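Subject: Structure handover

Hello,

Please find the structure below. My notes on it follow.

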Amino acid sequence: MATERLLALGIETSCDDTACAVVDSEGRVLSTVVSSQLAAHRPYGGVVPEIASREHLRNWPPVSEAALAEAGVSVDQIDVIAATKGPGLIGSLLVGLSIGKAIAYSLHKSFQAVHHLEGHLYSPFLGEGGAVAETPPEEFLGLVVSGGHTSLFQVEAGKPTSLAETRDDAMGEVFDKVGKRLGLPYPQGPRVDELAEWGSGDNLRLAIARCSDGSLDFSYSGLKSQTLMEIQKLEAAGVETNLGPLADADMPRPVLDLLASFRIAAVEEIVERLERLRATRPITMLAVSGGVAANRLLRPRLQEWAEENQIGLRLVPLVYAGDNAAMIAHAALMRHAWGHEDDPLSVDAASRIPL
Ligand code: KG4
Ligand code: ZN
């Protein structure tokens, strides 16, 4: 018996991107619209929560209209309304979740309140260009690397169990903080990645954090401090460390080299944890997601590691690496298929919430 094709409308407003998407029950992304608030937050060097909520309210009408129009459907044709319930900025979450609850309740649609990390976890299985999504295997390892998370999960039959989490800063957060110290505009992470491409990490080796209790947990604040200290040393030696106003051709070589060393250490910490895990259990597949999964060193390094160890690797397609609503709609349809449904009248947003 053929199963009915369902459509989900995804809403994601956990931080500073207002996102809406339409995805079908085979995981085809019919549209994904992300409105970035970069211009609104850039003068402050980072995300300002109050501004983010207000921007979500303002962006939602055009973003949702564009997502529906691009998918060629009206809201009446949608079966499942899905919105991120947390974690994230509470004001931002409230905007998207309230809109989702209101649409679902007033139009009598099925409702799914999705955990942000659940969205990221399954995003490496999404296809591009309207392709059907791959069905995730019964068991896989999920790595989420973003501005808020550095988390490793064992996922079994749709149930994620946490294996490791950062004890302090998230990987993306440290890219942002190092970039901010160098006077780079928000969001600093992708730019630090780009500048690191031009440097060489051969001359300076920065230490990778290891937890003394043998845990697999991550820790990035030590690497951040080492890097900030190295920046200070360069500054004391007369090297220009305010990169903001500089043209690409004028970027000082010692700073580029330092960023290359920083990026190597950041990526090798991930590989070190995976290696230690591999020594204790067989790994068949690793699925990598989150904004930092776009990193130009992390991607090839994990590819090399996976090939060496004959482990299946799914790197999130670049379009779904950063926050987006397609991953929320996709996770919602999987939850729907597993028989789950949320009551739009009783779900609340939460800034911190375990998966
Ligand atoms: O998943 P995401 O869009 O939002 C969160 O849930 O945090 O990730 C954003 C984070 C930011 O910290 C951003 O600087 C970082 O991902 N990021 C990168 C790169 N692209 C984005 N960090 C390192 N290299 C990149 N290429
Ligand atoms: Zn995210």
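Helices and strands here are DSSP runs, numbered from the N terminus: a helix is H or I with at least four residues, and a strand is E with at least two. This is a predicted model, in which local features need pLDDT of at least 70 and side-chain atom pairs count only at pLDDT 80 or more, while totals for chains, interfaces and linings use all residues. Residues are numbered from 1 along each chain as its sequence is written, chains are lettered from A and ligands numbered from 1 in the order in which they are written, and side-chain values use heavy atoms, with hydrogens and water left out.

Backbone

Most peptide bonds are trans, and most residues other than glycine have a negative phi. Gly-86 and Pro-87 are joined by a cis peptide bond, with omega about -5°. Pro-87 sits in the loop between strand E4 (80-86) and helix H3 (90-107). Another cis bond runs from Tyr-186 to Pro-187, with omega near -5°; Pro-187 is in the loop between H5 and helix H6 (188-198). Ala-157, in the loop between strands E7 (150-156) and E8 (159-165), has a positive phi near 45°.

Helix packing

Axes are lines fitted to C-alpha atoms, for helices over the stretch in contact, and angles run from 0 to 180 degrees between N-to-C directions. The axes of H5 (residues 171-181) and H7 (residues 221-236) come within 10 Å and cross at roughly 15°. H5 is therefore roughly parallel to H7 (angles under 35 degrees count as roughly parallel, over 145 as roughly antiparallel, 65 to 115 as roughly perpendicular and the rest as oblique). The contact of H5 with H7 has 4 nonpolar, 2 polar and 4 charged residues (nonpolar: Ala, Val, Leu, Ile, Met, Phe, Trp, Tyr, Cys and Pro; charged: Asp, Glu, Lys and Arg; polar: the others, Gly among them).

H5 and H8 (residues 253-278) have axes that come within 11 Å and cross at roughly 170°, so these two helices are roughly antiparallel. The contact of H5 with H8 has 9 nonpolar residues, no polar ones and 1 charged.

Ligand 1

Which residues come nearest to ligand 1? Of the 19 around it (a heavy atom within 4 Å), they are Gly-147, Asp-176, Asp-193, Asn-295 and Asp-323. A polar side-chain atom of Asp-176 is 2.6 Å from an oxygen atom of ligand 1. For Gly-147, a backbone N or O atom lies 2.8 Å from a ligand 1 oxygen atom.

Regards

Key. A polar contact is a pair of N or O atoms within 3.5 Å; within protein, one must be able to donate a hydrogen and the other to accept it, and residues adjacent in sequence count only if both atoms are side-chain atoms.
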